[in-house]
Amino acid sequence: MTKTKFLMIATASLALSACGTMGTNTSMYSVHQPVVERTNYAIDVNANGGSLSVAETQRMAEWFDAMQLRYGDRVAIDYGTDYPSLAVQQTVSKLVAGHGLIVGDTAPVTPGAIGAGTVRVVVTRSSASVPSCPDWSTTDDRNYNSSNHSNYGCSTNSNLAAMIADPEDLVRGRKDTALDNNSGKAAVNAHRAKTTGGN
């Protein structure tokens, strides 16, 4: 399991430079920005003969259930030194589709060698937080240079980090072309299906 951290910098360079030189933040930007942490989870399954057995497919399905795959998770297949297998791709894609996701094209690098005749299925999950909040380091009520309080921006950015559906959007944003009028219907339909007793 590997972790990688990304700092979302949204025009905060001025605020950070001011804070570093004067110890104050006189801009309208908060020095407290969401940090996105990415974690990779992996399972190796036996794919001798270029396909997954019923037992291995069941084991992977149970692993997906235990992981509680959800929106924002990325799933990819790493074949190691072997050639990609269409049968493996179709089996994994079918299981992942049951959770409302698709299999990505590129798998992240994970530690450990992938044995011959096995494939590694990787689930990448991201989370967002503002680790520098709350910040009550400002203890003097006197404010001679019109600077912001040390806790300025903590509430807004912590709420943003807690509510964002896909933390990766804080890093890369989202293309307008990827959205359409039907993009919001899937969640509504899934909720209605559950509340009416559907699967």
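Modeller: In helix 2, the buried residues are Glu56, Thr57, Met60, Ala61, Trp63, Phe64 and Met67. These residues lie on the same side of helix 2, because they cover an arc of only 160 degrees around the axis. Please keep in mind that this is a predicted model.

Colleague: Which residues are exposed on the other side of helix 2?

Modeller: Val54, Ala55 and Ala66 are exposed there.

Colleague: What do the buried residues of helix 2 pack against?

Modeller: Their packing partners are strand 2, strand 3, helix 3 (86–97) and strand 4.

Colleague: How many residues does helix 2 have, and what does it reach from its first C-alpha to its last?

Modeller: Helix 2 has 14 residues and reaches 20 Å, which is close to the 20 Å expected at 1.5 Å a residue. Just after helix 2 comes Gln68, whose phi is positive, at about 50 degrees.

Colleague: Let us turn to salt bridges. How many are there by this rule?

Modeller: The count is six salt bridges. One of them joins the side chains of Arg59 and Glu56, with an N to O distance of 3.1 Å. Arg59 and Glu56 are three residues apart in helix 2 (residues 54–67), and so are separated by about one helical turn.

Colleague: With which residue does Arg74 form a salt bridge?

Modeller: The partner of Arg74 is Asp166, and their closest N and O atoms are 3.1 Å apart. Arg74 lies in strand 3 (residues 74–78) and Asp166 in the loop between helix 4 and helix 5 (169–172), so this pair ties together parts that are 92 residues apart in sequence. Here Arg74 counts as partly exposed, at 37% relative accessibility, while Asp166 is buried, with a relative accessible area of 4%.

Colleague: Which residues are linked in a network of salt bridges?

Modeller: That network links Arg38, Glu168 and Arg172.

Colleague: Finally, what is a disulfide, and how many does a search of the whole structure find?

Modeller: A disulfide is a covalent bond between the sulfur atoms of two cysteines. A search of the whole structure finds one. Its partners are Cys133 and Cys154, with their sulfur atoms 2.0 Å apart. Cys133 lies in the loop between strand 4 (118–129) and helix 4 (154–163), and Cys154 in helix 4, so the pair ties together parts that are 21 residues apart in sequence.

Colleague: Is the link of Cys133 and Cys154 left-handed or right-handed, and are these two residues buried or exposed?

Modeller: The link is left-handed, with -85 degrees about the S-S bond. Both Cys133 and Cys154 are buried.

Technical notes:
Residues numbered from 1 in each chain as written. Predicted model: local features only at pLDDT ≥ 70, side-chain atom pairs only at ≥ 80, totals over all residues. Heavy atoms only, no water. Disulfide = S-S within 2.5 Å. Helix = DSSP H or I, 4+ residues; strand = E, 2+ residues; numbered from the N terminus. Buried < 20%, exposed > 50% of the residue type's maximum accessible area, 1.4 Å probe, protein only. Salt bridge = Lys/Arg side-chain N within 4 Å of Asp/Glu carboxyl O. Expected span 1.5 Å × (residues − 1). Arc of directions from axis to C-beta. Contact = heavy atoms within 4.5 Å.
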